[in-house]
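Try each one yourself, then check the solution.

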Amino acid sequence: NERNKEKNMKILVTGGLGFIGSHTVVELQNEGYEVVIIDNLSNSTIEVLDGITAITNKKPLFEKLDLKVKADVQDFFKRHTDIQGIIHFAANKAVGESVAEPLMYYENNISTLIYLLQELKGLEKKNFIFSSSCTVYGQADELPITENAPVKPAESPYGNTKQIGEEIIRDTCRVNGDIKAIALRYFNPIGAHESTEIGELPIGVPQNLVPYITQTAIGMREQLSVFGGDYPTSDGTCVRDYIHVVDLAKAHVVALQRLLDVKNDSNYEFFNLGTGTGSTVLEAVQSFERVSGKALNYKIVDRREGDVTAAYAETSKANSVLGWKTELTLDDAMDAAWKWEQKIRSK
Ligand code: WQD
């Protein structure tokens, strides 16, 4: 029947031991897909594989491999000719680090994409999903942000690698009509799996808001610095669209099904993935305090260089074309993130 068609369909997930990648592997396995993960463990740990297996009782295939090594990428595809789709997460993603190390970001985020696309052309089914970001919009002129909003000059090399990545895919699809690709522009992914088997594992001092909140609450950090209280927003702090990582993961399964759908003949599309609701930093803090029952130690300090005032998604394209919308709330995500933080610090 319809559902069985996913059976023994093999999907490659690069960066599949990472935050969004691991949650997507779980949802793919829940749908019956067979998953092979490539990860170089530069920003993840092998224990994530056990976490995924603990949730689904199916251990994904895993190969430790650096996608920057072209010969290794070629060798992988010689051994896996039956891949029916690629979901490409593997990349460096720290905005600040990318400013300090632009060449590392351009090499890692761009060359790996090129090598994957070169191998994609040799597959029978050429389906590709690219992990992109709302950062391509910079500070949008209009809110909420639709897919028609202009891509703005990137504020960081990281953001630039997402813009360049999309252009590389678009140009490749233009002259390879048998490739079908979707770029997914994430807003702010947060939270963890309800099982507390997988979640966000920032290495070092977290750059992102929610892991910094949970590490402050658990006592690893002294105080949360709220970057800026004088923005033109409801309470002076920045507005973002915080999307639960499980909702985000499910969007990847739906996007893959669109690519696999023979009736769909569009060969390159992109979608904003968000809740459609903006929340200020203080509203996010209040959500955390509500669900955790803990008062958070925070202080409003100067703005952070490069932050936009506000970004949240207009979601009607993903809702109508993908038939997907978020189901989980900011409180759900904060609750899951807090439970995850307590679990990993209790070890
Ligand atoms: C969110 C808000 C900060 C930390 C970036 C990338 C995006 C995606 C997610 C990679 C901002 C404020 C944060 C803190 C704070 N990429 N903040 N104190 O910058 O919206 O998006 O990360 O995964 O492509 O651009 O996310 O979580 O860093 O910040 O006040 O200690 O929280 O100023 O307003 P951002 P973020």
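A crossover counts as right-handed if, with the strands pointing away from the viewer, the path from the first strand over the helix to the second runs clockwise. Keep that in mind for the first exercise, and remember that this is a predicted model.

**Exercise 1.** Work out which unit β5, helix α6 and β6 make, and what lies on either side of strand β6.

*Solution.* Start with β5 (residues 126-133): it runs parallel to β6, and eight bridges join the two. Next, bring in helix α6 (residues 157-175): together with β5 and β6 it makes a right-handed β-α-β unit. Then turn to β11, which is also parallel to β6 and is joined to it by six bridges. Here Ala181 pairs with Tyr268 of β11.

**Exercise 2.** Decide whether the faces of β6 are covered or open.

*Solution.* In a regular strand, side chains alternate between the two faces of the sheet. So list them by side, using buried as under 20% relative accessible area. One side carries Ile179, Ala181, Ala183 and Arg185, the other Lys180, Ile182, Leu184 and Tyr186, and all of these are buried. Eight of the eight residues of β6 are buried, so the strand is largely enclosed by the rest of the structure.

**Exercise 3.** Find the residues with the most contacts inside the largest nonpolar core, and the element that gives the most to it.

*Solution.* This core has 37 residues, and Leu28, Tyr33, Ile52, Leu184 and Leu273 have the most contacts inside it. Elements supplying at least two residues each include β1, α1, β6 and β11. Helix α8 gives the most, with nine. Now zoom in on Leu184: beyond its sequence neighbours, its contacts include Phe130, His252, Phe271 and Leu273. A second, separate core has 25 residues, Phe76 and Ala181 among them.

**Exercise 4.** Which side chain of opposite charge is nearest to Glu119?

*Solution.* First locate Glu119 in helix α5 (residues 102-120). Glu119 is buried, and the side chain to look for is Lys78, 6.6 Å away. A salt bridge needs the charged atoms within 4 Å, and Glu119 has none. Away from its sequence neighbours, Glu119 touches Val73, Gln74 and Phe77.

**Exercise 5.** Is Thr196 buried or exposed?

*Solution.* Look in the loop between β7 and α7. Thr196 has a positive phi of about 55° although it isn't a glycine. Its relative accessible area is 15%, so Thr196 is buried.

Definitions and conventions:
Residues are numbered from 1 along each chain as its sequence is written. This is a predicted model: local features need pLDDT of at least 70, side-chain atom pairs count only at pLDDT 80 or more; totals for chains, interfaces and linings use all residues. Side-chain values use heavy atoms; hydrogens and water are left out. A nonpolar core is a set of buried Ala, Val, Leu, Ile, Met, Phe, Trp, Tyr and Cys residues joined through side-chain atoms within 4.5 Å. Buried means under 20% relative accessible area, exposed over 50%, partly exposed in between (1.4 Å probe, protein chains only). Helices (H or I, at least four residues) and strands (E, at least two) are DSSP runs, numbered from the N terminus. Contact means heavy atoms within 4.5 Å. Lys and Arg count as positive and Asp and Glu as negative; His and the chain ends are not counted. Two strands pair if DSSP finds at least two bridges between them. Lists of a residue's contacts leave out its neighbours within four places in sequence.
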